[in-house]
Amino acid sequence: MQIQVSVSDGVPIYHQIISQVRYLIAAGRLQPGEELPPIRVLAEQLTVNPNTVARAYLELERAGIVTKRHGSGTYVSEARSSISQKEKTKILAKRIDALLTEARHLDVDLSEVIKLMREREQVMDEEVTK
Amino acid sequence: MKFPSPSSAEAVVSITNLARRFGSKTVLSDVSLHVPRGGVFGLVGENGAGKTTLIKHILGLLRAETGRVRVFGLNPVSDQVSVLGRIGYLSEQPDLPGWMRVDELMRYSRAFYPKWDAAYAEKLREQFGLNPTQRLSTLSKGQLAKAGLLVAQAHRPELLLLDEPSSGLDPLVRRDILEAVIRTVADEGRTVFFSSHLLEEIERVSDNIAMLHQGRIVLCGSLDEIKLQHRQFTLHFETSQTRAPIIAGALSISGSGKEWSVMCNGWRDHLPEIAAGLGARIVDDRAQTLNEIFVAHAGANISTQRS
Amino acid sequence: MHSPVAALAWEIWKRGRRSVWLVLICLAFCAFINLVIPDTNHALFSAVFGIAMVLSVVFLMGLLNCTEANPTKEWNGFPYRIFTLPVPTWKLVAVPMVLGLVTIELLYLAWIKLVWTHSQIDRPLWYAVILGAYVLYYQTTLWSLADFRILRTIVLSIGGVSGILVAVLPALEKVNAVSSLWFSEERLIPIVLGTLPVAFVTAWASVAGQRHGGGCRQNWLKLLVEWLTDLLPRRTRDFKSPAAAQFWFEWRRAGLLLPVCVGFALLVVIGPLSWRFRTDPQFTVIALGWVVGLPLILGFLIGKGFAKPDLFSTNLSVPQFLAVRPLTATEFIVAKLKVAALSVFITWILVVLFMTLWLSVWADSLELQKMLYQFRMFHPNSWREILALSFVALMILTWRLMVNGLWTGLSGRRMYYFGSIGLQVLVPLLALLACAIWSGSIDHLLQRNPELGKSIAVQVLGWCLALLVIAKLWVAVFSWRNIAPRHARQYLLMWIASTLCFLTLAILASPPFDVYRQTHVYLLAALLLFPIARLGFAASSLEGNRHR
């Protein structure tokens with residue numbers, strides 16, 4: 001599992017791990033049922049505190065994205081996310097706000113934003129089928 | 001500014017009200033900190049802040065003139081053998097005897113630590129690329145640091161004490177040192193005490209940190225808490241300000257014209273009212289790196305001393 | 001400072017300011033005495049002045065010791081940081097040498113003009129030449145042999161001793177037994193002067209080699225030495241205990257110095273001399289005295305270095321590597337004591353081997369056999385025991401000289417260490433001075449009533465020794481109170497055994513007709529000989545040094 005973290009951009013390290021794992025799952029580079037590296041191994045690979053990695057795994061488990069099997073490691077969940085519809089809307093709304101703010105600053109029209117979103121969706125589908 | 005620190009009951013190192021003078025110079029004044037078991041404790045401070053003096057107190061190389069130092073619950077001066085046998089120490093300049101060879105160093109050190117793992121030591125030696133028949137006086141600075149790290153780690157100490165181990169070393173050796181730190185703390189119950197002014201490293205691996213400035217502790221607590229409380233806000237004023245806005249308790253204020261950056265510590269809830277009172281609104285709110293927090297605290301202390 | 005030469009010379013002076021003051025104090029003290037004393041009785045004062053002059057020369061050599069240490073690289077030679085200055089190597093070497101020559105000649109002149117005004121030194125020019133030559137040889141050895149620490153120590157000590165012999169060669173010119181045309185002043189002075197440019201060129205070549213990273217010649221020699229030392233058997237087994245590991249550490253560091261120095265001296269100086277004079281019975285007796293005294297003298301000198309935490313550095317604080325070992329201070333000291341004992345044992349084995357070889361094979365032992373015969377007459381029943389016990393006593397004394405200074409050297413305070421060395425030099429000097437001053441009245445007293453003088457002396461000595469014994473036992477109890485009972489018991493057993501040995505020796509060796517009741521003086525002296533109080537202090541000194 002290839003992920004990078006950096007301390008200089010102000011985002012907590014466990015956040016960076018969570019978002020990168022989520023991206024990998026969404027892009028299909030991590031399949032459901034695949035095992036994530038053990039906490040210790042990932043900590044050594046990234047040279048970060050094992051507690052940070054443990055916290056990231058815990059948050060991922062709480063969000064239902066991964067499941068921890070007792071004694072044998074952490075695996076990507078088979079089932080879909082079990083977060084309620086309301087929470088999902090909340091999470092996505094926050095991201096969309098950031099995207100729209102950025103577009104407004106860059107003076108990009110809403111229709112262009114939607115066109116770009118469709119293009120990126122196609123790219124992601126291609127990566128999944130590869 | 002103190003954050004809730006771990007209780008002294010389960011602390012590996014417990015320092016209370018420690019003060020130290022060398023002649024007329026006060027190097028440490030009223031230092032208290034507790035290092036909890038099983039984590040990485042980072043100590044930061046500028047050169048001359050007293051980090052090495054503090055670490056020497058933990059090792060028992062300096063007696064506590066005022067205050068108390070307890071390591072594993074014992075006094076490191078009177079119970080030196082039991083305390084030192086459970087500590088692995090790597091300093092900035094590992095004072096290794098130049099006439100020894102690498103294999104002799106390993107054999108000699110092994111005799112002192114009953115928990116020395118010979119297979120592990122051999123694995124480390126191969127990993128570090130140290131030739132057993134080489135004399136220590138012919139090793140480069142990085143290789144000497146690795147040799148010192150080998151001796152400090154091979155007996156799987158309960159407390160790994162590192163005093164600015166990476167200063168002057170290349171990134172490869174620094175990575176080896178960080179990996180040693182992580183490996184130590186991944187084993188249950190082992191603790192690392194790490195002092196450095198490479199703040200990026202401390203930020204990556206520490207659970208708790210303490211910051212020393214001119215012999216005093218200015219920050220102490222969990223790294224996540226500290227980063228959460230220190231934020232930098234950008235205030236946008238309606239009218240251009242000729243002088244910096246006075247905000248009590250702010251760590252640093254900089255900027256010009258209509259936009260001013262304020263770094264504060266802990267009262268992010270009150271800031272909107274204060275900003276409204278000054279006729280400004282908050283337009284940006286971002287986290288700080290440890291480097292920026294450190295510089296702000298060091299600078300703030302200097303300015304409070306001057307005023 | 002307007003020129004590089006002036007800057008370099010100023011640096012040498014500034015660094016050795018203290019030595020300069022010591023030299024001037026010596027000189028001033030003796031000049032003052034010379035002014036004040038009456039014209040008679042110059043023989044004893046000459047002894048005092050001679051010792052003071054030697055001391056001032058030694059201090060001056062300390063000033064001219066232009067070396068700097070590099071601890072990790074274990075190197076102590078010409079200051080490396082000077083090599084980056086824009087000055088050619090010959091100038092860098094010439095400045096300290098010329099400075100040394102000039103200062104020593106000035107010192108010599110000052111001594112002659114201010115102090116030795118009443119008695120005449122015959123051959124003043126020869127001494128001037130030889131002193132200048134010594135300074136040059138000393139500096140050359142320091143710089144050229146910087147890579148070979150032990151060899152340099154040996155060469156310096158042997159060179160120092162044989163230098164004294166060379167200095168008195170012209171005096172032997174008229175002595176029939178050893179006269180030779182080559183010992184005359186007219187021949188020796190040009191020879192010595194001729195070696196001076198050789199010394200300069202050697203120093204220049206070595207320093208240039210060090211400056212430019214060593215040529216192949218130097219590397220070759222160093223590689224040879226390292227290959228030889230690698231051939232020596234190395235320990236491959238693990239250590240059984242921390243104490244064993246620490247013993248190994250101290251032994252590797254300091255253990256072989258005394259045996260090697262003594263062995264070298266026997267091989268290179270006394271051996272050839274004994275062959276040259278193998279037909280002279282008188283020489284055998286004198287040489288035997290020197291052979292027996294050599295371990296004691298060298299033990300005293302090496303013991304000064306042994307007392308420090310690290311033998312080869314002048315730093316008195318405990319090196320960090322040792323300070324973080326999980327070992328108590330007592331165990332450090334036990335390791336040092338054991339290393340000293342093994343060192344002394346090996347040294348004396350070497351001495352005994354040499355003596356048996358020499359006396360049985362090629363020495364003329366006529367004089368010696370006569371003395372042995374008289375001795376056997378004096379003590380018919382116990383002469384074998386006395387000889388054996390004397391041998392043991394000498395070994396124990398050498399050991400004592402090695403470990404004597406531990407309580408000052410390990411304390412980490414320069415004042416204690418240098419103060420104790422200073423006292424050990426100063427007190428005999430002052431005693432000699434006192435004898436010189438009052439020699440007249442003492443002679444008078446002794447002439448009038450020899451018996452009274454002797455008995456007073458014995459009584460006074462007896463009382464002093466008794467007080468010292470009581471003080472020693474008191475202080476020993478006080479200083480050993482913090483040491484672990486196991487170590488204390490072991491050491492007490494050793495103390496009792498050695499003291500019994502000394503007491504037996506004293507009883508057996510005391511003269512049969514004890515008119516002045518000297519026996520109790522000997523017995524009291526025997527009680528004082530084995531160190532106990534100062535070693536108790538050594539442990540607490542080391543503690544204080546390690547935990548400041």
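Chain B has a mean pLDDT of 85, and 94% of its residues reach 70 or more. The model is predicted. Of the two pairs of chains in contact, chains B and C share the most contacts. Chain A and chain C are joined by no contact, and their closest C-alpha atoms lie 28 Å apart.

**Confidence in chain B**

- Among the elements of chain B, helix α4 (residues 118-128) has the highest mean pLDDT, 93.
- The lowest mean pLDDT among these elements, 69, belongs to helix α10 (residues 290-306) of chain B.
- Residues 1-5 of chain B have a pLDDT below 50. Beyond near neighbours in sequence, this stretch still has 15 contacts in the model.

**Overall build of chain B**

- Chain B contains ten helices and twelve strands.
- Taken along the principal axes, the C-alpha atoms of chain B fill a box of roughly 75 × 40 × 40 Å.
- Chain B has 307 residues, of which 46% count as buried.
- Among contacts in chain B with a separation of 6 or more, 70% are between residues 24 or more positions apart.

**Where chain B meets chain A**

- In this interface, 19 residues of chain B are in contact with twelve residues of chain A.
- On the chain B side, the elements that give two or more residues are α6 (171-186), α7 (199-205) and β12 (280-287).
- Helix α6(B) supplies the largest share of that side, seven residues.
- By class, the side of chain B that touches chain A has nine charged, seven nonpolar and three polar residues.

**Domains of chain A**

- Chain A is divided into domain 1, covering 13-76, and domain 2, covering 85-129.
- The centres of domain 1 and domain 2 of chain A, taken over C-alpha atoms, are separated by 25 Å.

**Nonpolar cores**

- In soluble globular proteins, nonpolar side chains tend to be buried together.
- The largest nonpolar core in this model has 146 residues. The members that touch the most other members are L105(B), A147(B), L161(B), V181(B), F193(B), A210(B) and I333(C).
- Helix α13 (residues 329-361) of chain C gives the largest share of this core, eleven residues.
- Leaving out residues up to four places away in sequence, I333(C) touches L406(C), A538(C), A539(C) and L542(C).
- Another core, of 35 residues, lies apart from the largest one. Its members include V48(C), F49(C), M97(C) and L99(C).

**Two buried residues**

- L169(B) lies in the loop between β6 (159-163) and α6 of chain B. L169(B) counts as buried because it has 20 C-beta neighbours inside 10 Å.
- Apart from neighbours within four places in sequence, L169(B) is in contact with K141(B), G142(B), A145(B) and R174(B).
- L169(B) and I182(B) are 13 residues apart along the chain, and their C-alpha atoms are separated by 19 Å.
- W399(C) lies in helix α15 (residues 383-403) of chain C. With 24 C-beta neighbours inside 10 Å, W399(C) is therefore counted as buried.
- Not counting residues up to four places away in sequence, W399(C) touches A340(C), A341(C) and V344(C).
- W399(C) and I470(C) are 71 residues apart in sequence, and the distance between them in space is 23 Å, C-alpha to C-alpha.

**Two residues with positive phi**

- Most residues other than glycine have a negative phi.
- D107(A) is a residue other than glycine with a positive phi, near 65°. D107(A) is placed in the loop between α4 (85-106) and α5 (110-129) of chain A.
- D107(A) is exposed, because 6 other C-beta atoms lie within 10 Å.
- Q214(B), also not a glycine, has a positive phi of about 50°. Q214(B) is found in the loop between β8 (208-213) and β9 (216-222) of chain B.
- Q214(B) is partly exposed, because 18 other C-beta atoms lie within 10 Å.

Definitions and conventions. Residues numbered from 1 in each chain as written. Chains lettered and ligands numbered in written order. Predicted model: local features only at pLDDT ≥ 70, side-chain atom pairs only at ≥ 80, totals over all residues. Contact = placed C-beta atoms within 7 Å. Helix = DSSP H or I, 4+ residues; strand = E, 2+ residues; numbered from the N terminus. Nonpolar A, V, L, I, M, F, W, Y, C, P; charged D, E, K, R; others polar. Buried ≥ 20, exposed ≤ 12 C-beta atoms within 10 Å, placed from the backbone. Domains from an automatic or database assignment. pLDDT = per-residue confidence, 0-100. Core = buried A, V, L, I, M, F, W, Y, C linked by C-beta atoms within 7 Å.
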